[in-house]
Amino acid sequence: MASKKTGIPPIDIGIPEKDRKKIAVGLSRLLADSYTLYLMTHNFHWNVTGPQFNSLHAMFMAQYSEQWTALDLIAERIRALGYPAPGTYKEFVKLASIQEVEGVPKADDMVRHLVVAQEATARTARSLFPVVDAANDQPTADVLTQRIDVHEKTAWMLRSLLED
């Protein structure tokens with residue numbers, strides 16, 4: 001039945017409101033981690049120096065470009081569930097599990113920071129699966145699966161750069 005005030009029908013996508021809210025909260029945490037990772041990667045792209053400059057500069061650009069697209073997918077899923085997506089630095093800092101990096105680290109340290117941040121983002125996505133599975137929310141499960149795959153693969157590739 002439509003709201004008498006607005007005439008807008010309530011959301012009825014087969015997921016109860018309480019589950020939609022839990023999922024939106026979890027996706028907001030994923031969005032915050034993803035945005036923090038995006039910003040870190042872009043920062044490192046701008047500021048990397050040293051013998052690995054060309055390869056890291058290009059790699060970081062490919063990574064932050066992919067992350068930028070993912071931000072929209074995550075935010076739009078939150079909106080489809082009926083909740084506002086966080087969109088300020090203040091909200092992201094509060095929600096993110098990733099700490100910002102101060103200063104300009106050396107190239108190898110940039111890679112180390114990104115490995116940790118990629119893995120943290122994968123963990124955040126994975127932690128939401130029990131709620132998503134219980135709610136039978138396949139679209140969100142699809143987003144999570146895609147994000148976990150990208151973050152785990154990227155962490156592996158970055159980690160490989162640190163091996164002798």
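A salt bridge is taken here as a side-chain nitrogen of Lys or Arg within 4 Å of a carboxyl oxygen of Asp or Glu. In the predicted model, six salt bridges are counted by this rule. One of them joins Lys18 and Asp19, whose closest N and O atoms are 3.4 Å apart. The two partners fall into separate accessibility classes: Lys18 is exposed, at 54% relative accessibility, whereas Asp19 is buried, at 12%.

Arg159 pairs with Glu119 at a closest N to O separation of 2.3 Å. Because Arg159 belongs to helix 6 (residues 138-161) and Glu119 to helix 4 (residues 107-127), this contact ties together parts that are 40 residues apart in sequence. Arg159 is partly exposed, with a relative accessible area of 38%, and Glu119 is likewise partly exposed, at 28%. In the other pair, the closest N and O atoms of Arg126 and Glu152 are 2.8 Å apart. Here the arginine lies in helix 4 and the glutamate in helix 6, so parts that are 26 residues apart in sequence are tied together. Both partners are partly exposed, Arg126 with a relative accessible area of 42% and Glu152 with 39%.

The structure holds six aromatic pairs. The rings of Tyr38 and Tyr64 have centres 6.1 Å apart and planes at 80°, so this pair is edge-to-face. Trp68 itself is partly exposed, with a relative accessible area of 48%. Ring pairs join Tyr38, Tyr64 and Trp68 with Tyr35, Tyr89 and Phe92 into a cluster.

Helix 1 (residues 17-47) also contains Asn43. At 22% relative accessibility, Asn43 is classed as partly exposed, because the buried class requires a value under 20%. The side chains of Asn43 and Asn47 are joined by a polar contact of 2.6 Å. The C-alpha atoms of Asn43 and Met110 are separated by 9.7 Å, although these residues lie 67 residues apart along the chain.

Definitions and conventions:
Residues are numbered from 1 along each chain as its sequence is written. This is a predicted model: local features need pLDDT of at least 70, side-chain atom pairs count only at pLDDT 80 or more; totals for chains, interfaces and linings use all residues. Side-chain values use heavy atoms; hydrogens and water are left out. Helices (H or I, at least four residues) and strands (E, at least two) are DSSP runs, numbered from the N terminus. Buried means under 20% relative accessible area, exposed over 50%, partly exposed in between (1.4 Å probe, protein chains only). A polar contact is a pair of N or O atoms within 3.5 Å; within protein, one must be able to donate a hydrogen and the other to accept it, and residues adjacent in sequence count only if both atoms are side-chain atoms. Rings of Phe, Tyr and Trp (its six-membered ring) pair if their centres lie within 6.5 Å; planes under 30 degrees apart count as stacked, over 60 as edge-to-face and the rest as tilted.
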